[in-house]
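Hello,

Here is the structure I promised to pass on to you. My notes on what turned up in it follow below.

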Amino acid sequence: MKKIKFFRLLLFAVALSLTGCKSSSEINKRYNSVHIPDGANEEQIVKLAANITPSPRQVTWQEMEFTAFFHFTVNTFTDREWGDGKESPSVFNPTQLDAKQWIKTVKDAGIKLVILTCKHHDGFCLWPSKFTEHCVKNSPYKNGNGDVVKDVSDACKELGVKFGVYLSPWDRHEKTYGDSPVYDQYFRNQLTELLSNYGNISEVWFDGACGEGPNGKKQVYDWKSYYSVIRKLQPNATIAVMGPDVRWVGTESGYGRETEWSVVSASENSLAEIATSSQQKAGNGAFVPEGDMQKADLGSRSVISKAKGLIWYPSEVDVSIRPGWFYHSKEDNRVKSPEKLLDIYFSSVGRNSLLLLNIPPDRRGLLHENDVQNLQLFKKKLDDIFDTNYLSGAKIISDSHFKNQKADFCIDNDNNTWWSAASDQAMANLELNLNGQQTFNVLMLQENIKVGQRIESFVLEGWVNGTWEKLTEGTTVGYKRLIRFNTATTDRIRLRILKSRLNPTLSSFGLYLNRI
Ligand code: FUL
């Protein structure tokens, strides 16, 4: 009881320090980031972390789960991964470009958003920019009248897929690159074109690469001013990787961390900026990620207990379906297999991350047959697994619940309803009598991240031969956790949540069968 009172006082102090002086009705609101008050102990910090929640745009982003990258530029025609900016626009010549084929293919695979490399490091623009001659208007594509950004964004609108843009700050062609304020203006002008002329933009993806430009100079990017343009023109767009809303998982392998916290530590400086601008609805944006986001552990108790501040900063896993990011015919037989793609899915979407899978269009301007086929076979595998939830029709009871958030809500196929354990419970048991004997080998759990990420450790047990047998176990859950384990048959299971930062919640719970 005493602890609860102290925690309320602490929250009060934190809320005051964060917001100036606000009315008491606002103090109990959850927050997107928090300063850690001097002298707070580990238990208090853990509770602060558990009350950090995603911004609405971060929730929308996370719920997409599976998105696509299209890497396409002069490199597609020169067989390179990084162009040097000296390529002539005349090399860019896709003769059968069909953006609808791209979007239909990825939509059929369950992908909800695509991100196009509108400009990669070589500086060539896939749209007719007013600010450079180094773009499609001087290419043979549609005799200089083409606009690939329009082609792709129109196909997205027609087929109901969201659209995002990758615009490389590093530009190896542009003469002003390195003359920092002049290039910053050039970059903002290009962003303005992309964010004004192509309808809704759902994500802006900034790469951190910062090399030399054609004059040998390096640029100092004015990130803050770039974010302002985005927040002003497309306030619902997430700004990914070199931005405040979404963090790079730290590898391009397709494999995220098994223990993945969406709440990570932040320095006091960056935190102040994030809290006051970047993640607010129409804020100006002022956040440059700090620290090493590639570390194995970003959010455990021991890491956050040393932090000055905490923030909701979820992870994105980017990986290419081929060895390279751009199309190379020599890689036609090295397209990732459906089995590999499934493994990546379990290790990204299934580990509290969003999957951004690159499928590079070829020189014709089409997704290659091999990529299309493997994507289709992968999707079939996903459907085969997730079509039947063996918990449907089960009877569920929990050893506690909070208010009317009963256990039935985690198996009702509605992600907007959820079960919560009673408010003083960090451990919980959910026991289920299945609808007869069932056979399964995949576990799916989802927390209600709108109230925070809490679960730290759980075990799934089955009633086998008159005793509870461990089927699988895990650490974090977050937005989604998927785990494969040895096939089991039983009519009774229980999930024991062994450790949680606050009373645990579950919005979704499933058991599936991967027939392998
Ligand atoms: C990297 C780039 O250098 C690669 O070419 C690719 O675009 C990848 C997604 O990001 O930083």
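**Helix packing and the ligand site**

Helix α12 (residues 338-348) packs against helix α13 (residues 369-386) with the two axes 8 Å apart and an angle of about 55 degrees between them. Please keep in mind as you read that this is a predicted model. Angles under 35 degrees count as roughly parallel and those from 65 to 115 as roughly perpendicular, so α12 and α13 are oblique to each other. The crossing of α12 past α13 is right-handed.

Now to the ligand, which may be of interest for your own work. Around it sit Phe 69, His 71, Trp 82, His 120, His 121, Tyr 166, Asp 207, Glu 252, Asp 318 and Trp 325. By type, this shell splits into four nonpolar, three polar and three charged residues.

Some distances to oxygen atoms of the ligand:

- Asp 207: a side-chain N or O atom is 2.8 Å from a ligand oxygen.
- His 120: a polar side-chain atom lies 2.9 Å from a ligand oxygen.
- Trp 82: a side-chain N or O atom is 3.0 Å from a ligand oxygen.

How much of the ligand's area does the protein bury? Taken alone, the ligand exposes 290 Å², and the protein buries 88% of that.

Best wishes

Definitions and conventions
Residues numbered from 1 in each chain as written. Predicted model: local features only at pLDDT ≥ 70, side-chain atom pairs only at ≥ 80, totals over all residues. Heavy atoms only, no water. Near = heavy atom within 4 Å. Polar contact = N/O pair within 3.5 Å; in protein donor to acceptor, adjacent residues only side chain to side chain. Areas by Shrake-Rupley, 256 points an atom, 1.4 Å probe, with all protein chains shown as cover. Nonpolar A, V, L, I, M, F, W, Y, C, P; charged D, E, K, R; others polar. Axes fitted to C-alpha atoms, helices over the stretch in contact; angles between N-to-C directions. Helix = DSSP H or I, 4+ residues; strand = E, 2+ residues; numbered from the N terminus. Parallel < 35°, antiparallel > 145°, perpendicular 65-115°, else oblique. Left-handed = near helix turned anticlockwise from the far one by under 90°.
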